[in-house]
Amino acid sequence: MRTVLLSLLCCLPGLVLAGEPDPLQSPQWATMHSRFLNGENYRFDDKVKVLAPASAEDSLNVPITFDATALEQVEKVVVMADLNPIPGVLEFSPKTIPARLSFRMKLQQGSPIRAAAKTADGLWHVGGVWVDAAGGGCTLPSTGTASGDWSSTLGKVSAHVWQRPDNNRLRVRVMHPMDTGLASGIPTFHIEDLAILDASGEVLASMTLHEPVSENPMLSLDVGQHQDFRVEGQDNNGNRIEAEVDE
Amino acid sequence: MKRFYLLLVLIWMPTTQADSFQYPLQAQQVAPDTYVLEGKTEDFSRKNGGFIVNTGYIVTADGVVVIDSGPSKRFGEQQRALIEKSTGKPVIRLYLTHHHPDHFLGNQAYADVPRYVLPASKRGMQQEGESFTANMYRMTGDWMRGTGITLPDKTAQDGTETVGGHALETIALSGHTAGDLVIFDHTTGVLFSGDLVFNNRAATTPHANIDAWLQALEKLQSLPFKVIVPGHGPVAQDKAPIEQTRDYLQWLITTLKDGAANGLDMNEVMQTPIPERFKDVALARSELQRSVSHLYPALELGNLQPAKQTE
């Protein structure tokens, strides 16, 4: 009976059970699954797109875009890099805007880069690509820390809003060294929480950033028809980030 | 017994392959006294061993002048052996067009020969040579065995000097890198452009200043050359490779500026369609992606404004 049930389940179109072979054949996938998806049900799903160049030209700034807008009711997207010394990259929770984000990250060596989107039914949808890298992205000091001039610009925000027919585009840059703690003698120092709010204070999307996000994070979001924003957050030392972005 | 032979073959095969590492060097005569070893229009790989670059040599009455030493110690050694065997003359001078690894990592084979370079290129070799070398080992493997940095020992300058009956003009330019040395042989009309000119191979930009590069191309266009040896891609007898490089660079910088002005992120710019006129240009897609990484971060900042800090 059990066999029949199993084979029945396997034949259901589109549904793949946990334990399905990893399309990126990473030795770390089982660990990623238990650590970042809490061992919950998932499937590898082409509806979650991850864009990145096949080879990282600059290991300190590998551009990553994920797009889970082909799914309904995305509650949270987790980005991870299996073979990075710090594999957790960021979490993105879209409240009222599309589940799509572009940013840059540090990569220590070639690795799968995955985005896992959790939908309202509790299932994780996992997409990803393999990015090759010459390495060294995580164990170098940030340029701000190396040059000593980070403190005068810490937490400063610059931004711009582009009017578009479907979704306006918001690009935000927050000045921060984003030190990983892996460079000798330089402690972990990074933005932890970052939220994009509309002018009235309603949260459009909230994010948790981890060490691999690049120095001076540059984020691109699709923001519906909103034109005015607040950017709020704090780093792991308690420094606040608060700014207003007007069209 | 049959099994024994099989075993022998299995043991023997990898050894013979590993021992070869012979670059397929074929001297192509492009003008009187002037030869080119033309590399493939590919990216570095374990198959090509980094032979993706054009090097050249001029056989003068006093000896041979070599332009660029190639991607590895093995390359430099094989290049020099071919030259001295086929010409029966010693190498008397090496010019290095710029500091990129595929152009100067063969220097070890020329440790006893004067090696000329622009000061900016020498600084680049000192600062980045080690990381270039490490990356070349990663990409091409054992072809690189024994390769280390041998720096140039002479400074090249603007001017014309007659060497063994050839009036060689060296021209200091920049744009592809901070120091791009061009060698123009007035006696034969051959122009060695280095990587200021690519032919049917997309230009690379890790150290590029596009405005300076376009100016350098204007300078090259004005020279009365008969043959142009680009840094990468086939040798030509006309100005088409200069025009193609200019056209590509103008398209590239316009694409990047437009993307930044329209709020695109890097991955979105990387997906820009390659125009039909560049369909025969090798590696256009992957070089566009690399160029976005090199050039876009500076351009996009110009389109952001400081937000009002409320903290």
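Visitor: In what order do the strands of the open sheet of 5 strands in chain B stand?

Guide: In this predicted model, chain B holds an open sheet of 5 strands whose pairing is mixed. Read across the sheet, the order is β8-β9-β10-β11-β12.

Visitor: Why is one side of β8 and of β12 in chain B left without a neighbour in the sheet?

Guide: β8 (159–163) and β12 (227–232) of chain B are the edge strands. One side of each lacks a neighbour in the sheet because each has a single partner strand.

Visitor: By what angle are neighbouring strands of this sheet turned against each other on average?

Guide: The value is an average over neighbouring strands of the sheet. With direction ignored, the turn is 30°.

Visitor: Which helix of chain B packs on this sheet, and what angle does its direction make with that of β11(B)?

Guide: The helix is α6 (residues 240–261) of chain B, which touches β11 and β12 of that chain. The direction of α6 and that of β11(B) make an angle of about 20°.

Visitor: In which sense do β11 and β12 of chain B pair, and which residue stands opposite B:L191?

Guide: Strand β11 covers residues 190–198 of chain B, and its pairing with β12(B) is parallel, over 5 bridges.

Visitor: Which strands are at the edges of the open sheet of 7 strands in chain B?

Guide: The order in this sheet is β1-β2-β3-β4-β5-β6-β7 (chain B), and the pairing is mixed. Two strands of chain B pair on one side only, and these edge strands are β1 (27–31) and β7 (154–155).

Visitor: Which residue of β6(B) stands opposite B:Y95?

Guide: β5(B) pairs with strand β6 (residues 115–117) of chain B in the parallel sense, over 2 bridges. The residue of β6(B) opposite B:Y95 is B:Y116.

Visitor: Is B:L94 buried or exposed?

Guide: B:L94 lies in strand β5 (residues 91–95) of chain B. A residue needs 20 or more other C-beta atoms within 10 Å to count as buried. B:L94 has 28 C-beta neighbours inside 10 Å, and therefore its class is buried.

Visitor: What separates the C-alpha atoms of B:L94 and B:Y116?

Guide: Leaving aside residues up to four places away in sequence, B:L94 touches B:V66, B:S69, B:Y110, B:V113, B:R115 and B:Y116. B:L94 and B:Y116 are 22 residues apart along the chain, and their C-alpha separation is 6.1 Å.

Visitor: How far apart are the end C-alpha atoms of residues 168–245 of chain A?

Guide: The unreviewed UniProt entry annotates this span as "domain: Sulphur oxidation protein SoxZ". The span is 0% helix and 50% strand. Its end C-alpha atoms are separated by 13 Å.

Conventions:
Residues are numbered from 1 along each chain as its sequence is written. Chains are lettered from A and ligands numbered from 1 in the order in which they are written. This is a predicted model: local features need pLDDT of at least 70, side-chain atom pairs count only at pLDDT 80 or more; totals for chains, interfaces and linings use all residues. UniProt positions are given in the numbering used here, feature names are shortened, and annotations may be inferred rather than shown by experiment. Helices (H or I, at least four residues) and strands (E, at least two) are DSSP runs, numbered from the N terminus. Two strands pair if DSSP finds at least two bridges between them. Axes are lines fitted to C-alpha atoms, for helices over the stretch in contact, and angles run from 0 to 180 degrees between N-to-C directions. Two residues are in contact if their C-beta atoms, placed from the backbone, lie within 7 Å. A residue is buried if 20 or more other C-beta atoms lie within 10 Å of its own, exposed if 12 or fewer, and partly exposed in between; C-beta atoms are placed from the backbone.
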